Amino acid sequence: SSNQMWGGRFAAGPDAIMEAINASIGYDQRMAAQDIAGSRAHAAMLAATGIITDSDADTIREGLLTVLSEIETGRFEFSTALEDIHMNVEARLKQIIGEPAGRLHTARSRNDQVATDFKLWVRDQIDAAIDGIKALITALIGQAEIGSDWVMPGFTHLQTAQPVTWGHHMMAYVEMLGRDLSRFQDARKRMNECPLGAAALAGTSFPIDRHMTAAALGFDRPSANSLDAVADRDFALDFLSCASICAMHLSRFAEELVIWSSAQFRFVTMSDKWSTGSSIMPQKRNPDAAELLRAKIGRIFGANVALMTVMKGLPLAYSKDMQEDKEQVFDAADSLMLALAAMTGMVSDMTGNRDALAAAAGSGFSTATDLADWLVRELNMPFRDAHHVTGSLVALAESKGCDLPDLTLADMKSVHGPITEAVFDVLGVDKSVASRMSYGGTAPAQVVTQIERWKKVLE
Ligand code: ARG
């Protein structure tokens with residue numbers, strides 16, 4: 001038999017495969033709450049504008065709450081023949097309230113309905129992402145405060161570069177996440193226009209009040225072009241691109257945690273809560289959460305590319321291709337929230353190994369730049385010459401199998417006569433980081449300033 005919602009012109013029902021490829025109810029049931037909120041706002045507006053009676057609107061709005069509670073308590077039977085969440089809800093409403101249910105779809109199409117539902121869903125996820133990022137920033141600030149003056153090696157090319165502070169490293173991620181936060185906030189502002197009332201694509205001849213439904217659903221305004229309203233999915237792409245960039249940041253940090261927790265680095269001890277053992281190697285404490293986080297990020301990037309690809313060839317306005325938007329975004333959102341929560345947990349519960357960090361900070365000739373700077377400052381050498389002299393001193397230390405502070409003054413003088421005992425003052429890692437007082441530099445005092453600034457931002 002043909003479809004009860006649109007079957008008027010059809011003699012036969014769909015092929016079973018047609019039904020399978022066409023149905024979205026298996027996943028778009030996740031938008032049930034949004035669908036019902038949209039329909040309730042629409043019904044109230046239809047009554048306020050005199051398009052349906054108040055009593056029908058009341059019956060519809062009440063009935064929709066019953067449907068919602070059936071869905072929320074798992075008593076609802078979803079039907080594939082009814083394709084999607086929109087028709088499942090409406091069909092059930094008809095069973096519950098009868099004739100008035102048929103008036104709900106006046107001045108509306110599934111095209112503006114799904115655009116509205118999906119926007120509401122994505123908007124909720126943006127809010128969740130913002131909360132998740134704030135929680136992670138708070139955890140990072142906690143670590144930065146514990147070790148604002150702990151020294152550790154700073155790397156370029158993953159080769160020892162200059163000593164930095166643990167707090168400075170943590171706060172670097174706070175800056176990245178702060179930009180992620182503002183990207184999500186921007187996306188939210190941009191997307192917050194209501195598609196409802198665009199109808200199928202051209203608007204409607206009924207005297208609807210789009211400002212009323214927009215306000216009822218927490219939108220800033222109705223979207224200004226009905227074709228755009230039903231055809232736009234760039235709000236979802238905005239979400240996916242914000243999510244991708246944020247995920248990239250999380251993945252970089254996850255990578256560092258994997259490296260740092262290795263026996264070779266020992267920079268950090270991950271909590272038991274975020275580690276797993278091996279079934280054969282008794283000594284193992286594997287950083288599985290960080291690894292899985294690093295891997296799950298691929299789903300988010302993939303969703304972004306997949307939806308871009310779905311959208312890129314579609315003529316205006318709605319095409320059924322757009323039904324493929326939801327699973328991508330659902331999966332990406334789930335992965336992002338899980339990644340944010342896992343990273344927040346790992347960061348809160350991990351312990352920086354101050355001694356190992358300090359030992360590593362002093363190895364690898366990390367204060368060579370300080371030595372070169374000293375030659376410039378104290379002996380008035382041109383920096384290029386100082387660089388060369390320092391390079392020779394590094395080579396000497398390397399040949400002796402020691403670090404720069406372990407060279408004797410005689411060693412120093414053998415390379416460059418005018419060097420004095422005072423040079424040893426700048427070869428210590430604590431002195432090195434304390435001296436980097438330029439704005440945004442790694443000196444503990446600078447780090448503390450940034451911590452205080454971020455605490456105010458979060459208030
Ligand atoms: N399930 C559909 C979707 O997700 C709803 C919109 C259907 N519109 C239509 N004209 N067939 O996109």
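## Terms and model

Helices here are DSSP runs of H or I with at least four residues, numbered from the N terminus. The model described in this report is predicted.

## The shell around the ligand

Helix α6, residues 110-146, gives the most to the shell around the ligand, with 3 residues. The complete set of residues surrounding the ligand is S24, D84, H86, R110, N111, V114, Y318, K320, Q323 and K326. Sorted by class, this shell holds 4 charged, 4 polar and 2 nonpolar residues.

For Y318, a polar side-chain atom is 2.4 Å from an oxygen atom of the ligand. For K326, a polar side-chain atom is 2.7 Å from an oxygen atom of the ligand. In the case of S24, an N or O atom of the side chain lies 3.3 Å from a nitrogen atom of the ligand. The ligand taken alone exposes 340 Å², and the protein buries 86% of that area.

## The N-terminal domain in the record

UniProt, in an unreviewed entry, places the feature "domain: Fumarate lyase N-terminal" at residues 8-302. Over residues 8-302, the chain is 60% helix and 6% strand.

H42 sits in helix α3, which covers residues 32-48. Is H42 buried or exposed? H42 has a relative accessible area of 1%, so it is buried; the cut-off for that word is under 20%. A polar atom of the H42 side chain lies 3.5 Å from the backbone oxygen of L104. Beyond its neighbours within four places in sequence, H42 is in contact with L104, T106, A107, R108, L196 and T213.

I85 belongs to helix α5, residues 85-97. With a relative accessibility of 0%, I85 also counts as buried. Which residues touch I85, once neighbours within four places in sequence are set aside? They are I25, D28, Q29, M31, A32, D35, I71 and F78. W274 is 189 residues from I85 along the chain, and the C-alpha atoms of the two are separated by 38 Å.

## Backbone features in loops

E83 is located in the loop between α4 (54-72) and α5. The phi angle of E83 is near 65°, a positive value in a residue other than glycine. E83 is buried because its relative accessible area is 5%, with the cut-off set at under 20%.

A199 lies in the loop between β3 (193-194) and α8 (210-216). A199 is not a glycine, yet its phi is positive, at about 60°. The relative accessibility of A199 is 7%, so A199 counts as buried.

A further loop, between α11 (288-311) and α12 (325-349), contains A317. What kind of peptide bond joins L316 and A317? The bond is cis, with an omega of about 0°.

## The C-terminal domain in the record

UniProt, in an unreviewed entry, places the feature "domain: Argininosuccinate lyase C-terminal" at residues 365-434. The span of residues 365-434 is 61% helix and 0% strand, and its end C-alpha atoms lie 17 Å apart.

T369 is found in helix α14, residues 368-379. T369 has a relative accessible area of 26%, so it is partly exposed; that term covers values between the 20% and 50% cut-offs. Not counting residues up to four places away in sequence, T369 touches Q162 and R436. The side chains of T369 and Q162 make a polar contact at 3.1 Å. Between T369 and L292, which are 77 residues apart along the chain, the C-alpha separation is 38 Å.

Key
Residues numbered from 1 in each chain as written. Predicted model: local features only at pLDDT ≥ 70, side-chain atom pairs only at ≥ 80, totals over all residues. Heavy atoms only, no water. Near = heavy atom within 4 Å. Polar contact = N/O pair within 3.5 Å; in protein donor to acceptor, adjacent residues only side chain to side chain. Areas by Shrake-Rupley, 256 points an atom, 1.4 Å probe, with all protein chains shown as cover. Helix = DSSP H or I, 4+ residues; strand = E, 2+ residues; numbered from the N terminus. Nonpolar A, V, L, I, M, F, W, Y, C, P; charged D, E, K, R; others polar. Buried < 20%, exposed > 50% of the residue type's maximum accessible area, 1.4 Å probe, protein only. Contact = heavy atoms within 4.5 Å. UniProt positions renumbered as here; feature names shortened; annotations may be inferred.
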